[in-house]
Amino acid sequence: MFSFNPFSENLSVADFEKLALEAYEYQKKHCKMYGEYVRLLNRPVPTSLNEIPFLPIEFFKQHSILSDKFDHAAAIFKSSGTGGDARSAHYVADLNVYKKSFSLAYRHAIGTPENQVILALLPNYISQGDSSLVFMVNELISQSANSLSQFLLGDLPTLKNAYLEAISLGKVPVIIGVSYALLDLAEHGVDLSQAIVIETGGMKGRREELSKAELHAILKEKLNLSAVYSEYGMTELLSQAYSNKDGLFKTPAWMKILIRDLNDPFSYLENGKTGGINIIDLANLYSCSFISSQDLGKIEHDS
């Protein structure tokens, strides 16, 4: 097992790189699929982040990626599997690592659950089961220690009442929802001006896809919001990035984004240029911390 703790808000660039290279060595040795992938690439031993091989995210659909230090996973989370595709599976060795990662990131980006009433609109995730997002939100609801916090399945009166009661109790209403469920809510024109609304992205085949700017514009107008927050997470990750009023995603200290050239996976683009998103998630201690996603993005500034 790892002997280091990545969960620090004060990781320097040098410290992050040191931990990432340690994670690489461990996972190359103990995570069979990643080790085989590295050997097939036959590249020099990395000495910097840009030289580390990133595992294509599709591998999570076909293989069990788990450290051989564990006989079995504590949990297996699966993706939503929209469009009839095979569902990705993340074999999680230690749920406490996941809880620590998402709790610290949420508290830093969104606020303290104990001061909030958390209302979740995640119908498709609940119906399919095995969702890391549902696990995360359920834990945050538990941390809020408030009976008003709950999952909702299209129950507008309950949401309205919980929202108003939260305000009367001096609590911050937080509504976490998949995009199409928030649009369904917006069609009712509910005034949620005192809530933090967090969209988790994706229409899941229920509605026509919109750009994030279009989605947020509709939600702000129909729900009387000054801003809409976003959460960027994946089944294959144990960490999340959040965007707030400026619309830019910010990662926790133990997570980093690199933008790769679409024509050369070992070539990286400068800030402001769009390319493929590579993710380093040091919370993925016992699976793979280095994932090449299918998403596109750019880095505005690297703090």
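## Salt bridges and cavities in a predicted chain

The chain has 8 helices and 14 strands. The model described here is predicted.

### Overall form

Taken along the principal axes, the C-alpha atoms of the chain fill a box of roughly 60 × 40 × 40 Å. The radius of gyration of the chain is 20 Å, and this agrees with the value near 19 Å that a compact globule of 303 residues would have. Of the 303 residues in the chain, 51% are buried. The contacts can also be described by distance along the sequence. Among contacts between residues at least 6 apart in sequence, 62% join residues at least 24 apart.

### Salt bridges

Side chains of opposite charge can pair when their charged atoms come close. How many salt bridges does the chain contain? The count comes to 5 salt bridges.

| Pair | Distance, N to O |
|---|---|
| Lys18 and Glu22 | 2.7 Å |
| Lys28 and Glu25 | 3.5 Å |
| Arg107 and Glu114 | 3.0 Å |

Where in the chain do Lys18 and Glu22 lie? Both belong to helix H1, which covers residues 13-30. Because Lys18 and Glu22 are 4 residues apart in this helix, about one helical turn separates them. Their side chains meet in a salt bridge, with 2.7 Å from N to O. Glu22 has a relative accessible area of 29%, so this residue counts as partly exposed.

Helix H1 also holds Lys28 and Glu25. These residues are 3 apart, and therefore they too are separated by about one helical turn. The side chains of Lys28 and Glu25 meet in a salt bridge at 3.5 Å, N to O. Are these two residues buried, or are they partly exposed? Buried means under 20% relative accessible area. Lys28, with a relative accessible area of 24%, is partly exposed, and Glu25, at 36%, is partly exposed as well.

The side chains of Arg107 and Glu114 form another of the salt bridges, with a distance of 3.0 Å from N to O. Arg107 is partly exposed, having a relative accessible area of 33%. Glu114 is likewise partly exposed, with a value of 32%.

### Cavities

The structure contains 2 cavities of 30 Å³ or more. The largest cavity holds about 60 Å³ of space. Which residues lie nearest its centre? They are Val92, Ala93, Asp94, Leu238 and Tyr286, from a lining of 13 residues. Strand S3, which covers residues 89-92, gives the most to this lining, with 3 residues. By class, the lining of the largest cavity has 9 nonpolar, 3 polar and 1 charged residues.

The second largest cavity holds about 30 Å³ of space. Its lining is made up of Tyr106, Met136, Leu140, Ile176, Ile198, Glu231 and Tyr242. This lining divides into 6 nonpolar residues, no polar residues and 1 charged residue.

Notes
Residues are numbered from 1 along each chain as its sequence is written. This is a predicted model: local features need pLDDT of at least 70, side-chain atom pairs count only at pLDDT 80 or more; totals for chains, interfaces and linings use all residues. Side-chain values use heavy atoms; hydrogens and water are left out. A salt bridge is a side-chain nitrogen of Lys or Arg within 4 Å of a carboxyl oxygen of Asp or Glu. Helices (H or I, at least four residues) and strands (E, at least two) are DSSP runs, numbered from the N terminus. Buried means under 20% relative accessible area, exposed over 50%, partly exposed in between (1.4 Å probe, protein chains only). On a 1 Å grid over the protein atoms alone, a cavity is a set of points where a 1.4 Å probe fits but cannot get out, and a pocket is an open set with protein on both sides within 12 Å along at least five of seven lines; lining residues have an atom within 4 Å of a point. Grid points are joined across faces, edges and corners, and a volume is the space filled by probe spheres set on the points. Ala, Val, Leu, Ile, Met, Phe, Trp, Tyr, Cys and Pro count as nonpolar, Asp, Glu, Lys and Arg as charged, and the others, Gly among them, as polar. The radius of gyration is taken over C-alpha atoms; the globule rule is 2.2 Å times the number of residues to the power 0.38. Contact means heavy atoms within 4.5 Å.
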